[in-house]
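Student: I would like a close look at a single part of this model. Please keep it brisk.

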Amino acid sequence: TCDLFIYVGGESDKWVEDVLKEATNQDMIVIDLLDVLGDAVKEEEVVEGMEAEEEGEGEEEGPEYDEHVWLSLKNAKTFVAEIAKAIETIDPDHGDVYQANEAAYQEKLSKLDEAYAKTVAQADQRVVLFGDRFPFRYLVDDYGLDYYAAFAGCSAETEASFETIAFLAGKADELGLNTILQIESADGKIANTIK
């Protein structure tokens with residue numbers, strides 16, 4: 001019954017198609033963030049040393065898109081503009097408020113983007129190593145960083161092979177990396193084994 005439905009899109013959100021068929025608000029505005037980005041959506045990539053996920057039986061072959069689009073401040077700016085436009089369409093009587101709020105938030109995103117760029121420009125090292133899945137492809141591409149990781153961002157794998165661990169440990173030593181990153185919910189097992 002909502003007026004505005006926003007979702008990421010892609011394989012992880014296939015369930016949304018069924019939900020939208022049941023929508024009772026015929027005027028509902030639907031925003032699929034992958035559609036908003038269009039050609040700027042990146043395919044998931046397997047970089048050197050990363051374990052490629054095995055295709056399951058019956059899975060379609062074809063490109064797998066990296067759905068972690070919100071982890072880019074540049075993408076966030078695009079999404080904010082699209083969402084503000086939709087909200088203004090729904091409630092035109094308060095359009096000036098939505099425009100002002102959008103402009104203020106765009107300014108915050110721009111300042112944060114500048115801070116990220118400045119930090120990266122001053123960094124001694126432009127490589128990050130993840131002992132985990134790597135959902136930050138959009139972010140590293142935005143700032144020209146290189147990365148190594150155990151798995152791609154959408155991987156369901158939790159156990160890294162000896163070869164992957166050895167490769168990542170070797171990269172950490174070779175590049176003099178003193179930090180191994182992981183996503184917040186990880187148990188740290190892979191990162192600690194690399195260490």
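Student: Which residues of H3 are buried, and what covers them?

Tutor: A word on the source comes before the answer. This is a predicted model, in which local features need pLDDT of at least 70, side-chain atom pairs count only at pLDDT 80 or more, and totals for chains, interfaces and linings use all residues. Residues are numbered from 1 along each chain as its sequence is written, and side-chain values use heavy atoms, with hydrogens and water left out.

Now the setting. The chain has seven helices and four strands; helices (H or I, at least four residues) and strands (E, at least two) are DSSP runs, numbered from the N terminus. Their order along the sequence is β-α-β-α-α-α-β-α-β-α-α. The C-alpha trace spans about 60 × 45 × 30 Å along its principal axes. Of the 195 residues in the chain, 35% are buried. Buried means under 20% relative accessible area, exposed over 50%, and partly exposed in between (1.4 Å probe, protein chains only).

H3 itself covers residues 73-90. Its 18 residues should span 26 Å at 1.5 Å a residue, and the end C-alpha atoms are 25 Å apart, which agrees. The expected span is 1.5 Å times one less than the number of residues. At the start of H3, a side-chain oxygen of Ser-72 comes to within 3.2 Å of the backbone nitrogen of Lys-74. That is a polar contact (a pair of N or O atoms within 3.5 Å; within protein, one must be able to donate a hydrogen and the other to accept it, and residues adjacent in sequence count only if both atoms are side-chain atoms).

The buried residues of H3 are Leu-73, Asn-75, Ala-76, Phe-79, Val-80, Ala-84 and Ala-86. They cover an arc of only 165 degrees around the axis, which puts them on the same side of H3. The arc is that of the directions from the helix axis to the C-beta atoms. An α-helix has 3.6 residues a turn, so residues three or four places apart point the same way.

Next, the cover. Strands E1 (4-7) and E2 (29-32) are among the elements over these buried residues. So are the helices H2 (33-37), H4 (95-122) and H5 (137-142). Contact means heavy atoms within 4.5 Å. Across the chain, residues 24 or more positions apart account for 66% of the contacts with a separation of 6 or more.
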